[in-house]
Structures are given as structure tokens and as C-alpha cells.
Amino acid sequence: MNSTIELLAPRYDIAWYPWAVQYFFMIAVSYASLWLAAPALVFGKQSWLPTARLALIACVSTTLVAPVALLADLHQPLRFWHFYAYANTHSWMSIGSVVLPLYLISVLGFAWLAWRPALQARQQAAGLNGLIAKWLSMGSGATPKALVALVGLAALMLSSGIMLYTGAELAIVKARPLWNTIWLPPMLVASGFIAAAGLILVLNRVSRICAPDATRQMLYVLLAFCALAGLIALSWLLDGLNAHVGSVAAALESVRFSPSWRSTALWGGLTGVALFASVVFLLTRSAQRQPALFAWAWLLGLVAIHMGWMFRWVVLMDVQHVARNSAGFHHYGIPAGSSGILGIVGTFGLWLAAILLIELFIPWRQAQQGSQLPGNDQAASRAPLTANKGAPSHG
Amino acid sequence: MDAVRRSLLGQLARLSAGAALVPLSSLAPASLAQAGINQQPARREGDPSKRYGMLIDLRQCIGCQACTVSCHIENAAPLGQFRTTVSQYEVHHQESGELATFMLPRLCNHCENPPCVPVCPVEATYQQQDGIVVVDSDRCVGCAYCVNACPYDARFINERTQTADKCTFCAHRLEAGLLPACVESCVGGARIIGDMRNPDSQISRLINEHRDALMVLQPEKNTLPQVFYLGMDERFTTRPVAEPVALEVLAPHGQEMGYEFHH
């Protein structure tokens with residue numbers, strides 16, 4: 001038996017910065033919330049309308065910010081046009097660069113159609129709001145439900161392309177065994193839905209809409225996707241438990257030799273189980289007790305967002321610190337600048353700005369699946385589920 | 001368990017080294033079929049009648065890092081970033097107490113199946129018909145996908161150019177009829193570069209002579225590396241089970257001050 005000491009090795013820097021985490025997080029919340037907006041706004045299920053309105057603002061705001069984070073992760077952002085000048089079919093990233101703008105356009109088109117009736121209703125409003133509503137609603141023609149559904153379907157289809165390419169982009173990288181597993185793409189989707197459901201729970205609270213239906217539906221979504229994520233994690237583990245190489249072997253090795261990986265694994269597992277157990281607890285309470293308990297569901301929403309974000313942080317950042325050719329683990333301190341903390345905070349700041357601008361100028365609380373009688377659609381402006389009482393008034 | 005795993009990996013290493021040599025004997029056409037997702041795109045530029053490769057005779061390497069330094073100067077890499085470097089290990093035989101130093105020069109393997117090429121979203125990195133993998137730094141968008149896709153850590157984002165950078169076998173010197181800087185400066189003559197399609201080249205003769213003893217790095221990744229190691233210990237073909245010795249010493253504000261040793 002020998003023991004070996006590594007005397008000299010270069011330090012290998014990480015290649016993808018926290019911008020990548022922000023992109024993967026934002027785009028996952030975007031596609032997942034699009035699917036949560038779909039029951040009401042694409043398939044016409046009225047009981048999902050309060051959820052859909054919250055989901056749509058979550059979707060649009062994250063869809064706007066995600067590409068900015070992606071662009072920032074390029075070391076040559078101004079060369080982004082090379083993606084289109086030299087597009088090819090052998091790189092998943094190149095395929096993604098075609099799908100992403102189409103997805104962005106379809107989401108904006110879908111949201112515009114869903115918000116248009118309410119914008120039209122606001123055309124006569126005084127001040128800037130009326131002006132913007134007049135300009136954004138583009139006339140007073142009808143917004144056919146079928147068109148909303150059609151554009152929604154196109155967006156859903158393109159969102160599947162995003163799910164596929166973001167997952168495949170990582171899963172094909174053999175050089176990073178932890179990524180190189182078929183179970184990573186579905187896990188990214190499942191944790192994306194967990195984060196989106198969490199965000200909708202939080203938005204439901206901070207917008208003071210506090211729709212109980214939305215809370216209940218999102219708790220069920222959390223329940224389903226936590227269970228799914230658990231199943232995927234278990235399948236991944238069993239799939240590779242006996243293998244000497246591959247994703248699971250690399251993970252077990254990391255957990256065995258690195259205290260920080262041990263605590264990450266423990267934290268992730270415990271948080272997941274705690275989230276699942278809390279959701280089960282809330283959903284199994286008696287009908288009398290539920291309203292009081294549901295008022296606190298937004299806290300679970302924060303935990304769910306944390307799960308979705310942390311999973312991406314671990315997958316994208318921590319995995320890059322697992323040395324491929326040198327001994328031990330690379331140490332990484334998050335730098336303060338734009339390739340570190342500033343990038344993370346900046347992306348969230350931009351997202352906050354996007355959501356506040358929508359809140360200021362778009363009557364997103366009245367989103368609906370088209371309208372045949374534009375301008376006279378009183379039902380839209382008096383929607384009972386928007387709980388106007390106490391809502392902030394922006395004209 | 002470890003012994004079983006190592007011997008398995010060792011066999012894999014030999015098998016794959018053999019497989020890596022197959023294209024040479026069959027002189028496979030350099031350009032492959034039109035690529036599907038994550039498949040190799042057609043090779044372009046370079047001399048299709050040649051296939052460059054490198055053989056590193058570890059028995060001759062003394063770990064002087066002359067290659068590291070000459071490459072650094074020739075290719076003007078930023079401080080702390082390397083196209084080639086020599087990893088050094090101290091191996092302690094626990095029963096006999098013997099100590100040995102093991103040197104492992106690392107560089108781009110100019111693989112026959114390079115995982116860094118198909119991932120490039122703008123085809124900025126490509127394989128020449130002579131097998132050399134290069135980066136068009138005017139086209140590179142700096143997405144760093146190739147850096148993550150290379151299992152050998154042979155690529156980095158050049159701090160100055162903000163594009164992907166890597167060993168090119170000093171293609172600019174080869175074109176001018178010169179040897180790569182690392183080969184030129186190697187004190188022991190451990191690095192041998194040449195055209196593996198020419199049966200009379202020194203590298204072809206050495207490959208023929210030592211075919212069974214040659215090993216490549218991480219053969220299980222199926223990248224078919226074209227940098228062959230002679231005098232290699234199979235335990236070092238994958239990430240060695242070793243203890244890191246150097247710790248970075250950082251100033252309170254995170255600036256690197258130097259290194260400190262455990263032992």
C-alpha cells in the first residue's frame with residue numbers, strides 16, 4: 001500500500017459564475033410558473049384563475065430577467081450575436097440559444113393577451129396609467145380566447161424545450177460525473193416547480209390577494225413535486241449505488257471526504273423532508289383550522305424558493321469545486337464583485353424592479369383568458385377573487 | 001475494493017490506449033459525418049495527411065517545470081493560468097518506507113473524440129484535420145462550456161482575452177517547422193511530438209515499440225486522448241487518491257499571500 005501526497009498542482013478556477021445559478025433559477029421559475037398559469041389561462045379552468053394571475057406575473061418577471069443573467073455569465077457578452085451567426089446543431093447551448101428568445105417572445109405574447117382586456121378597461125384612466133394602458137393595449141379589438149390558448153400552448157411547448165435543453169446541457173458533461181446523469185434534468189424540473197409554487201405562495205401574501213384557493217393549489221403542487229423530487233433522488237441513488245464510477249459514486253465520495261458536502265447533503269435532505277412534512281400537515285388539518293394555518297403558508301413558500309435556488313447553487317457552483325485532476329477540494333470564496341455577490345444581488349434586484357414595474361403599470365390582478373367585449377368587461381375589473389380591499393392603489 | 005477497482009481501471013487504461021491507436025492504423029478519414037446533438041462536427045483546416053500526437057516518457061521527466069515556464073512565455077498566458085504544467089506527487093510505500101517522487105506533465109490531450117468541441121455553441125473551438133484542437137479567440141463568446149466539458153482541466157478562460165484558452169501543440173511553431181516550446185525546452189527529452197500517420201516518425205516508432213506499456217489519462221471517459229504516457233503508473237491515470245499538501249494563505253481581505261505546507 002502506498003500513500004501519496006500531492007506536492008504541486010495548479011489551482012483551477014471555476015468557469016461558470018453565480019450568474020449561471022441565477023439564470024437556471026430564474027428560467028426554471030419562469031417555465032414552471034407558466035405551467036401553473038396554464039390551467040386557467042390556456043385550458044379555461046376558472047378555479048385556477050387566482051393562481052394563474054400570480055403565476056403569470058412570476059413567469060413574466062423571471063422570463064425578463066433570466067436572459068440578462070445568462071448574458072452576464074458570458075465572458076464576452078457583446079459577442080452574443082455569434083450564437084446566431086454560427087448556430088449549429090451539435091451543441092445543446094446553441095439549440096438553447098434559439099429556443100430561449102422564441103420562448104421569451106411567446107411568454108410576452110401570452111401575457112400581453114391575458115392582460116389586454118384589463119388594459120383596455122383602463123384606457124380611460126387618468127395620468128400615466130391610462131396612457132400606458134392605451135399604448136400597451138393596442139386598440140380596443142377583441143382578444144379571442146382561442147388566440148390566448150393558442151399562444152399559451154406555443155409557450156408551453158417552447159418551455160418544454162427550455163426544460164430539455166437546460167437539463168441536457170449539464171447532463172451530457174461526462175467531465176463532471178455529478179452532472180452526467182439522466183436524473184439531473186427531471187430533478188431540475190421538479191425543483192423548478194417547487195420554487196415556482198413557493199414564489200406564488202409568497203406573491204399571494206405580499207400582493208395581499210391572499211386567495212385561499214391559490215394557497216391550497218400551490219400546497220398540492222408542492223406536495224406532488226416534493227414527492228416527485230424525492231422519487232427522482234431515490235432512483236438516482238439506487239441507479240448508481242453499486243457503480244464504482246459515475247454520478248452517485250462521485251457524490252458518495254464527496255460526502256465521504258468533504259465536511260462541507262456532508263452538511264450540504266444533510267441540509268438538503270432535511271429541508272426537503274421538513275417541507276414535505278409541513279405541506280402534508282397543512283393539507284390534513286380540519287377545514288376550520290386551515291384558514292388560520294394557510295395564512296402562514298408563505299413561510300413554506302420561502303423554504304420552497306430556498307430549495308429551488310440552493311439545489312442550483314449546489315449543482316452549478318459546488319460541483320465545479322470537485323477537483324477533477326488534483327487532490328482535495330477546491331476552495332471557493334464568493335467574490336464580492338459582479339462575478340459573485342454583486343451578480344446575485346443584482347439579478348434579484350432586477351427581478352424586483354421588473355415585478356414592481358408590472359405592479360405599477362399593468363393591471364395584472366385582472367388577467368384573464370381573453371374577452372369578447374373589450375372595454376365593457378366589468379367582470380374583469382370587479383373580479384371577486386382579487387380582494388381589492390386593502391390592496392395598494394396605483395390608480 | 002480499491003485494488004479491484006484499480007486493476008479494473010488499469011485494464012481499461014490499456015484497452016483504451018490500444019483503442020486510441022486504432023485510428024492511426026486505419027488512417028480514418030479526418031472529417032466525420034454531419035454531427036447530431038453532442039456529436040463531433042466535421043474537422044476543418046490543418047493538414048489532413050498528418051495526425052499530431054505526443055508521447056511523454058515519464059522515465060525522463062525530472063519535474064523541472066521548464067516546459068511550464070517556456071509554454072507560459074511562448075504563449076503569453078496570464079499569471080497563474082497554464083496550458084501545460086507538471087503535477088508532482090510524493091509517494092510513500094508504507095511497508096518498505098521507500099519514498100519516490102512522481103511527475104505527471106499535463107496538457108491538452110488533443111483527443112480523437114474531444115468532448116470540448118461539440119459543446120461549443122459557436123464552433124469557435126474545433127479540431128483541425130491534423131488532430132490539433134484549437135480555439136478561434138475572435139469567435140469565442142467566453143461561455144466556458146468547453147472548460148467544464150474537458151475532463152483534464154486543460155482549458156481555462158484567459159483573464160486577458162476573456163476567451164477560452166488551451167494548449168495548441170504550439171501549432172504556430174509546428175507550421176514554421178519548429179518544435180512546441182515545451183518539447184524544445186524539455187531537459188530530459190521526455191516529450192516527443194510528431195506525425196503519427198508517418199510510420200517513420202520518432203513518435204510512430206516509439207508507439208510501435210512500447211504499444212503495450214502506453215497509457216492515457218482517464219481512458220474510461222472515452223475521449224481517446226492522443227497524449228500517451230510511457231512509464232506511467234495506472235493509479236495516476238485517473239484522479240490520484242492523494243492528500244493535498246499546500247494550503248493557500250490569504251490576507252484578511254482575501255488576497256493570496258502564499259502557500260503553507262501541512263507537513
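In this predicted model, strand β1 (residues 2–8) of chain A pairs with β10(B) in the parallel sense over two bridges; strands are DSSP runs of E of at least two residues and helices runs of H or I of at least four, numbered from the N terminus, and two strands pair if DSSP finds at least two bridges between them. Within this pairing, A:I5 has B:E243 as its bridge partner in β10(B). Both strands belong to an open sheet of four strands, ordered β3(B)-β2(B)-β1(A)-β10(B), with mixed pairing. The edges are formed by β3 (99–106) and β10 (243–244) of chain B, each with a single partner strand, so one side of each has no neighbour in the sheet.

Residues are numbered from 1 along each chain as its sequence is written, and chains are lettered from A in the order in which they are written. Local features need pLDDT of at least 70 and side-chain atom pairs count only at pLDDT 80 or more, whereas totals for chains, interfaces and linings use all residues; side-chain values use heavy atoms, with hydrogens and water left out.

The structure holds twelve salt bridges over all chains, each a side-chain nitrogen of Lys or Arg within 4 Å of a carboxyl oxygen of Asp or Glu. One of them joins the side chains of A:R324 and B:D153 (2.8 Å, N to O). A:R324 lies in the loop between α12 (297–316) and α13 (341–361) of chain A, and B:D153 in the loop between α3 (145–149) and β6 (156–157) of chain B, so the pair joins two chains. A:R324 is buried at 9% relative accessible area, and B:D153 is buried at 11%; buried means under 20%, exposed over 50% and partly exposed in between (1.4 Å probe, protein chains only). In the salt bridge between B:D57 and B:R59 (2.9 Å, N to O), B:D57 is buried at 9%, whereas B:R59 is exposed at 55%.
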